[in-house]
Amino acid sequence: MASASSAIAATPRVGRLGSHAWLRFGVRRLGRLLISLWVLVTASFLMIHLIPGDPVRAALGPTAPATLVAAKRDEMGLDDPILVQYWHYLQGLFTGDLGTSIVSQLPVSDIVSQRLPATLQLALLAFVVAVAIAVPLGVTMGVLTRRGHGRRTELVFTTSSVVLGIIPDFLVGVGLVYVFGVNLGWLPVAGNDTPSAYVLPVFALAIGPAAILARIIRVEMVTVLEADFVRTARAKRLPKRTVYLGHALPNALTASLTLGGLILSAMVAGTVLVENVFAWPGLGSTIVSSILNKDYQVVQAVVLVYGVGVLLVNTLVDVALALLDPRSMIRED
Amino acid sequence: MQRWKGVIRTPVGLAATLLTGAVLVLAVVAPIIWSDDADAIDTSNILAGPSADHWAGTDNLGRDIFYRTLVATRLSVELALAATAIAVVVGLILGTASFLLGRRSGKLVNAGVNIAVAFPGILLALFFAVIFGVGATGAVLAIGLAGAPSMGRLTRTLVASVSARDFVDAARVAGVGRMRILLRHVLPNISEPLVVNATIGAGGALLSFAGLSFLGLGVQQPSYDWGRLLFDGIGSIYVNPAAALAPGAAVIVAGLAFNLFGESVAKALGVGVIGGIRLPSTAAAVATAAPAEESHASTDDVVLDVRDLEVVFPGPAGPIRPVRGISFAVRRGEAVGVVGESGSGKSLTALAVSRLVGDPGRVDASCLELLGTDLRTADTKAQRQLLGTSLAMVFQDPMTSFNPTRRMGSQLAEVARHHQGMDRRSALARAVDRMRAVRITEPERRAHQYPHEFSGGMRQRAMIGMGLMGSPALIIADEPTTALDVTVQQQVLDLLAAIRAADDVALVLISHDVTVVGEVCDRVLVMYAGRIVEDLPATELATGARHPYTRALVAAVPAMDTDLDEPLAVIPGRPVDPADVPEGCAYAARCPLASARCLTEDPALETDVAGRRVACWHAGEPVAIEIEDREIDELEEVEAS
């Protein structure tokens, strides 16, 4: 009797709370994304106007004739009132028009779409590699160092992962170039023409985040292994592998995801430096050469693309977290 | 001062402190001593590899790279510190905005900070580098401003925690201005964590600066910092790798030094850190070993045979024995209750018997047999299978005992899949069948739900159902009803009784509730301080108990007709701390019958002709059991502890 009534009572309560929470979460998260996007777009618009001096004169050089500079300014609409320019900028964004490069005269959207795939490949591969290293390593270390076991292992692992996590990716890249390119001559150190050329840049980008992520997963594993449901799994006399991977790991991963998301968005930005170490033909090398050439239209667009990438990653992580652990939707504010 | 000494007590902290000191000293003296060597041009010896004269080789003008790396320390550190200073100052302005400007404008600033924090620092730095232009000044501003949002958020959190305190309220009530409160009362109280995080930030700024200079956006020739040297060196890495490796190593060493120094200070002072890097703690644990004794044979009828069971944990002052040598047997279909206060060792006994005591605990026994199989031997597959199918465990808290990320059905089915070799489908069918057997309604639908969709009582029944996936000979239930609503407690007890009756399953029911045990069980083991002090038929609990502790437990139960306005009866004194068990009878200090002998000699558990056991020098002696009367709130305090 009582069991039947409790079954009826439990179902609608969970269901109603669930959909309500999802709606609130969706609206709030979308709102935050839109506001962040607006701030980003406005900042990238203002960038050109905050630069001291005349950006066109800077780009064309001091020897360029004044008539050419004036013509170019007129073409870019730089003499219009600022709100008009802002309006045109927003219009351009919605139609996929990012302006024209002053230096190369190519449409900026062409440059971006030509360069973006290489950067995406690099970032995604590095993320996959980082997770592929961090999860097994973190789980193994968590199991080995649970309940104060393996003090020495823990000290060595934690110290080395702290150190590896602090070293910036481009310095890891320089080290890899030296060891595997210069010294051993095993792998190419520039470009992305062959599959083997991917190895060093991907690892340069992945090693630091892998170390940080592995450390987080270890700490979470050590905590989760003490949970009651792990004791239940042991009471079922499941093989150790099933207890660790089937029961402890999914819960440890949920807890690691928040920080994992921060690492992932840092990885997107990390491509800027790593691409410059390995002459990788992506957005990262484009933005640096454009800054040096004062090709501000291109810089503006690339900053925007990177920013959007980061925002999308952050949003995806929040949604993934909400799917894995519905309680995070409420915790958020 | 004492707290600061903690920084150099760990090896990492000491190394970081020494390195940071070395970097700072080098920053001051290196340009004074080696400037001339670093700038000496030698066109006859350009792009040379390492040699005795030039440890790291030379650059394209024949200048010594080793000396240039040393001299670059000053500029690198100066720029990093300048950028950190900007980050701290702007961060302070952003972080205190809501305190100074009031709620509304503060909220706007906070929202801006939150958005900015979401972007990685390098991206912000690039953005500002474009605005401020290529060069050292632009890079300092860029890195400083890029670090400001996270500094601002930290400041905001710190200010919020301090401004809620009484002395700030007092100052506000006294009419002190906001700015003055901030400067006089708030900032002094948050300076410590701010300084620590600024130190760590300086390490990060150093690394970021190297990054910008490496991209060619930072320091420009003829000046040089480490990043610039790296930028120049990477082009000729095939000719002279040392030209890139020397400044690279310098950046890493200095960056790590600042970072780890800050972390170590934070750890020593107990200050929170933005990045949240956790350094290893230093506590150590040691396990002790004790040899097992010879095994005993057991009769066919006995399901569980336990002799001289001990559980030992390592403690700071020697091993702790929460279970100190207990022996009992459980026969087929028998229900044995184990009662005692919290800390008496009853739950650990359950875990020890089922081999679930985790490290660093150790279980020893002269005999520990389930269905005639010795459980003390190594963890074999056959043994796992026996335990997995013949022994069912029911734990206290059904809310936390199921895996929140997996469906109930699969959690039950797992047992059949692993121990009975069933495939996924038939295992799930069995799980649904067992859920039905424990009276869960709509088991097909329920099997696809997650634990949080079950009520507490339903979860506990599912836990019992999980035990029934095999063909259990023994169910060990550790406080199975304690965490449940009173209304469903009886259902769970009835279910256990029904299973026992139907399949002749033995039951060990652990509880602090004498009433529950008396109602469900045939026999009761009373535990005190890790020992069995009395073993008697449940029917004799109310009137035939001979140990004064048992009698006190029974007397402490309020009867149906107890006047609830009267204070509840409790046993005087506190349970024994397992780390400090007194000599003699452990209960003597609380016992109304205690004599001199009780304080020096520990009574053994003696068996009488009827098979009852008791450990007491004064067993069965008549006393008016003195129960101390206390106020209700005091009673609750005792229970909570």
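Between chain B and chain A of this predicted model, the count is one salt bridge (a side-chain nitrogen of Lys or Arg within 4 Å of a carboxyl oxygen of Asp or Glu). Its partners are the side chains of A:K236 and B:E414, with 2.8 Å from N to O. Helix 10 of chain B, residues 242-269, gives the most to the side of chain B that touches chain A, with eight residues. Helices here are DSSP runs of H or I with at least four residues, numbered from the N terminus.

In total, 78 residues of chain B are in contact (heavy atoms within 4.5 Å) with 76 residues of chain A. The area buried between the two chains, meaning the accessible area (1.4 Å probe) lost on putting them together and summed over both, is about 6,600 Å². Carbon and sulfur atoms give 71% of this area.

Attention now turns to the nonpolar cores. Such a core is a set of buried Ala, Val, Leu, Ile, Met, Phe, Trp, Tyr and Cys residues joined through side-chain atoms within 4.5 Å, where buried means under 20% relative accessible area (1.4 Å probe, protein chains only). The largest has 116 residues, and A:F170 and B:F214 are among those with the most contacts inside it. Helix 12 of chain A (residues 296-324) gives the most to this core, with 12 residues. Leaving out residues up to four places away in sequence, A:F170 touches residues including A:L273, B:L207 and B:F214. A second, separate core of 100 residues includes B:V323 and B:L541.

Residues are numbered from 1 along each chain as its sequence is written, and chains are lettered from A in the order in which they are written. Local features need pLDDT of at least 70, side-chain atom pairs count only at pLDDT 80 or more, totals for chains, interfaces and linings use all residues, and side-chain values use heavy atoms, with hydrogens and water left out.

Conventions
Buried means under 20% relative accessible area, exposed over 50%, partly exposed in between (1.4 Å probe, protein chains only). Helices (H or I, at least four residues) and strands (E, at least two) are DSSP runs, numbered from the N terminus.
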